[in-house]
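My entries follow in the order I made them.

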Amino acid sequence: MIRMLLALVIGVCFGGVAVIVLLDNPNLTWVAPAAASVAIPLVILWRVGKSLGGVRQPSAEQVRQRLDANGGALARVDSVRRTGTTVNDRHLCELTLTVDPPGEDAYATSTRMLIDPIELATFQPGRVLTVARIKPGHPDVWIVRQPDAAWQNKMSTDGPYIPAAEHVRHQPSDPATAVAGLGGRQLISSGPKGRGLRIAAYLVLAIAGAAIIVVPNASEFQAVVEYGDAADDFVFGPRQTEAVDALVAEVGSTEFVSLTFHDGFVTADAVSAPGAVTIDSFMFRWGSADRTGPATIQPEDPAEAIFDVTVLDASIIPALAEQARQLTGVAEPTSYLVIVDRDATFGSSELSIQISLNDDYYSGHVIFDAVGDVISMWGDVPGSPAAGE
């Protein structure tokens, strides 16, 4: 279960990194630290749990039940290794065994058990023990600490005939079998037979974790795939209409005071609520529109400043920006923006589209009306139409 949670957290982390890197969205920089703060304790718990594997021991009655139900076998101890874990002064040891079931081929496997220091001599390499099969057809066994007289007799007479470990097939133990034998269960077997299912489950959980972050940004990923570098350019790129529609939905009205298209985002000043005369600011960025608070400048006469944004065909802005580039001579602008409003400063209270372009040396400005006709222009690039030379 811990490893499944870890796979989910790793997926969330990768999803956050994908959004940050591919969408240039810094709003999710918290994802990696948050995922790490969860993943590190999970890793620690997993390692502790792994080191404590085998601490839960079967009772003598459970061992006897398995011996009676599934049969037993003689097993030779081939090696004993301390795991470093102790419980009440007893050492958790891993024993490798060669098990010789009656009527079956011998095989090598391993098991874990708690051993008191005074018992170490009983479990030294070469000693023959009685083991109970935990589950029919599985290699996992429990050691019978106090076998009855019949098994003790077999241990003393048949022990030398157990094949050498190098001559038998190795069958890894499956901890899930031991857990089931103790009355517990695992969702997915942790042994070799469950490896494929485990990997599939981890992949599914990792993908689900990534989806938690990626799905809310799916439209932005789609835009990146479809438009490439132009996906977040709202002047020369193609997504102006999408941005305006999202802002209208957030405002809840088509009554706007201004729209400003940038390379990377769109801002707007619009009515605080349908029919209101107070103005709030809004922003469209990374695929969503949000209210950012009251506008810094409230118009003296809202009725003169407000326009119906449906009058604007935002899809013409890229063509107008390209035309402005030709008219101003600022062919490779390093900064640019488009302002849509009813600014009477320019001699008209009608809706205007103002495009400003700048490079390292020059600047230029072109004002269009709502249908894209040039109202005025100026600039300082020598020889350009906007410079008037």
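I count a charge as sitting over a ring if NZ of Lys or CZ of Arg is within 6 Å of the ring centre and within 35 degrees of the ring normal. By that rule I find Lys154 over the face of Trp151, at 4.2 Å from the ring centre.

The model is predicted, so I take local features at pLDDT of at least 70 and side-chain atom pairs at pLDDT 80 or more, while totals for chains, interfaces and linings use all residues. Residues are numbered from 1 along each chain as its sequence is written, and side-chain values use heavy atoms, without hydrogens and water.

Aromatic pairs. I pair rings of Phe, Tyr and Trp (its six-membered ring) if the centres lie within 6.5 Å; planes under 30 degrees apart are stacked, over 60 edge-to-face, the rest tilted. I get two pairs. Phe234 and Phe284 are edge-to-face, 5.7 Å centre to centre with 85 degrees between the planes. Phe234 is in the loop between helix 7 (218–227) and helix 8, and Phe284 is in strand 9, so this pair ties together parts 50 residues apart in sequence. Helices (H or I, at least four residues) and strands (E, at least two) are DSSP runs numbered from the N terminus. I note both Phe234 and Phe284 as buried (under 20% relative accessible area; exposed is over 50%, partly exposed in between; 1.4 Å probe, protein chains only).

Phe236 and Tyr336 form an edge-to-face pair at 4.9 Å and 85 degrees. Phe236 sits in the loop between helix 7 and helix 8, Tyr336 in strand 12, 100 residues apart. Phe236 is partly exposed at 21%, whereas Tyr336 is buried at 15%.

Arginine. I find Arg76 in strand 1 (residues 72–87); Arg76 counts as buried because its relative accessibility is 14%. Its side chain makes a polar contact of 3.0 Å with that of Asp78 (N or O atoms within 3.5 Å, one able to donate a hydrogen and the other to accept it within protein; residues adjacent in sequence count only if both atoms are side-chain atoms). The Arg76 side chain also reaches the backbone oxygen of Pro163 at 2.8 Å.

Cores. I take a nonpolar core as buried Ala, Val, Leu, Ile, Met, Phe, Trp, Tyr and Cys residues joined through side-chain atoms within 4.5 Å. The largest has 42 residues, and those with the most contacts inside it include Leu247, Phe261 and Ile355. Helix 10 gives the most to this core, five residues. Another core lies apart, of 15 residues, among them Val77 and Met113.
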